[in-house]
Amino acid sequence: MSLTTQLHRGDLGRWCDANLPGTAVLIRDVRRGLAAAGNPAPHVPGGRVPEEHWGTVAAAFRHRLGFLVEGSAPAAALLGAVRAGLAGREWAVRTQRAFPASAGTADNQWSPFRAGSRGWLDAARSDPVPAATHEPVLEEFVRRTGQYLREHAPAGTLGVPGAEAGIARSCWVFAVWETGSRDRFPADVAAALEGPGRAPEDLRRCVPDAAIADLVGLARLLHTGTALRDWRGGMPGGPAREPGPFGTARPVIVPHWAEADLLVDGALIEAKAAVRLDDAALARWLWELLACTWLDTQDRHGIRSVGLYLARHGVASNWDAAAFADTLLGGAGLADRGAREEFLRLARRAIAAEGAQPPAERTPRARTS
C-alpha cells in the first residue's frame, strides 16, 4: 500500500472518515471556489478515449509540473525504468545529470526527502540488467527532453502550444515508465523498445494525439488561471520571481510510502487532473494534505499552508495549515489535543507493516515569540 491507498481503502481512511467532521466544510470551500470561477466545465479531450488515458495523462501532468517548478530530472520515471528492468541503477544516476540538481541538494547527493535525488533509487531493484540493451535509447530520450526544455520552456515557464505539445510527448512516455512494469506498458511502447535500431523518435511516436491535446489544454488552463501566478509570486507582498525554479517537485514525506506533488514557499500543493469531483474524491484529497502535513514530524519541509489545484478546472484552493487541520477536526483546537498523535500511531503501524520506515517522533516547532 501507500498513503493514497490507505486513505482510499485502509485503516487511515476509516480513521479520517470517523474523526474529521469538518471535511464537508472544506468541500464546500472548494465548491465555492469553483462557482466563483464561473463553475467552468472541466477540460476534457474531444471524442472517446480509452480508460487508461485518464491515469496516464494525470501522471504525465505531474511530470510537467515538476519540470515547471523545479526543472530537475523525472525521478519517478527513471526509477520506474529501473524497476521495469529496462536499465540499471547507474544508468539512472548518470541520466539524471541531463537536468539540474534537485532543489536544496548537490548533484546526486543522497537525500530521501527529495524525489529527484539518488535516495529514490533505494526502492529500485539491484539485479543487473542483461546487456543493458535499452539504456542507450532511454538515455538519449531523457537527454533530448532536457535539452528541449532548456530551449523552449526552462524551469519557471510554460512554452507556447507547439512547444508544450513536444513536452507532452516526453511527459506521457515518462508516465508510462513510472508504472515500473513492462506488463503495464502499452503494446506500441513495448514494441518501440524491442529490436535493433530503435531511436527516441520511436517512443515519441507512441503518444496518442488525444493525450497530447489534453496535456496542452491543461498547460493552457494553468497559464491563464491564477494558480501559477500565485505560485510564482513568492511570499505575499514580495516581488514576483524571475523565471527559474521556484519550488520542489514531488517532495517525499515518508520515503517509499508518501509524497506530495509540489512544495512552494512552505505551501504543500496537490494537483489533481480528475474530471469528476465527487465528494468522496475531494475528501480523500483533503485528508491526503492533512496526512502529509502531520507525517512531516521533523518539519523537514516547513509546511505552513496547503493547497488543492483542480487542473481540469484551472481552480486552486488554499488554506493555512493550522486552520485547515482545525477545521477538519471540527474546530476548538482539537489538532493539538491528541488527534494528530492518534493518527500518527495508526500511520506508523501501517507504514511499518508495509515495509517502509515510519517517521520519527514529532519535534515541536520552536516558538516565534
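Two residues are in contact when heavy atoms of each lie within 4.5 Å. The model described here is predicted, and local features need pLDDT of at least 70, side-chain atom pairs count only at pLDDT 80 or more, and totals for chains, interfaces and linings use all residues. Residues are numbered from 1 along each chain as its sequence is written, and side-chain values use heavy atoms, with hydrogens and water left out.

Of the 369 residues, 54% count as buried, where buried means under 20% relative accessible area, exposed means over 50%, and partly exposed is in between (1.4 Å probe, protein chains only). Among contacts with a separation of 6 or more, 72% join residues 24 or more positions apart.

Next comes the interior. A nonpolar core is a set of buried Ala, Val, Leu, Ile, Met, Phe, Trp, Tyr and Cys residues joined through side-chain atoms within 4.5 Å. The largest such core has 66 residues, of which Trp91, Trp177, Leu222, Trp231 and Tyr309 touch the most other members. Beyond its neighbours within four places in sequence, Trp177 is in contact with Ala77, Gly80, Ala81, Trp91, Leu138, Phe141, Val142, Phe185 and Leu203.

Glu201 belongs to helix H10 (residues 200-204) and counts as partly exposed because its relative accessibility is 34%.

Most residues other than glycine have a negative phi. Asp265, however, is not a glycine and has a positive phi of about 50°. Asp265 sits in the loop between strand S4 (262-264) and strand S5 (267-272), and with a relative accessible area of 38% it is partly exposed. Asp299 likewise has a positive phi, of about 55°, without being a glycine. The loop that holds Asp299 runs between helix H13 (279-295) and strand S6 (305-310), and Asp299 counts as partly exposed at 24% relative accessibility.

Definitions and conventions
Helix = DSSP H or I, 4+ residues; strand = E, 2+ residues; numbered from the N terminus.
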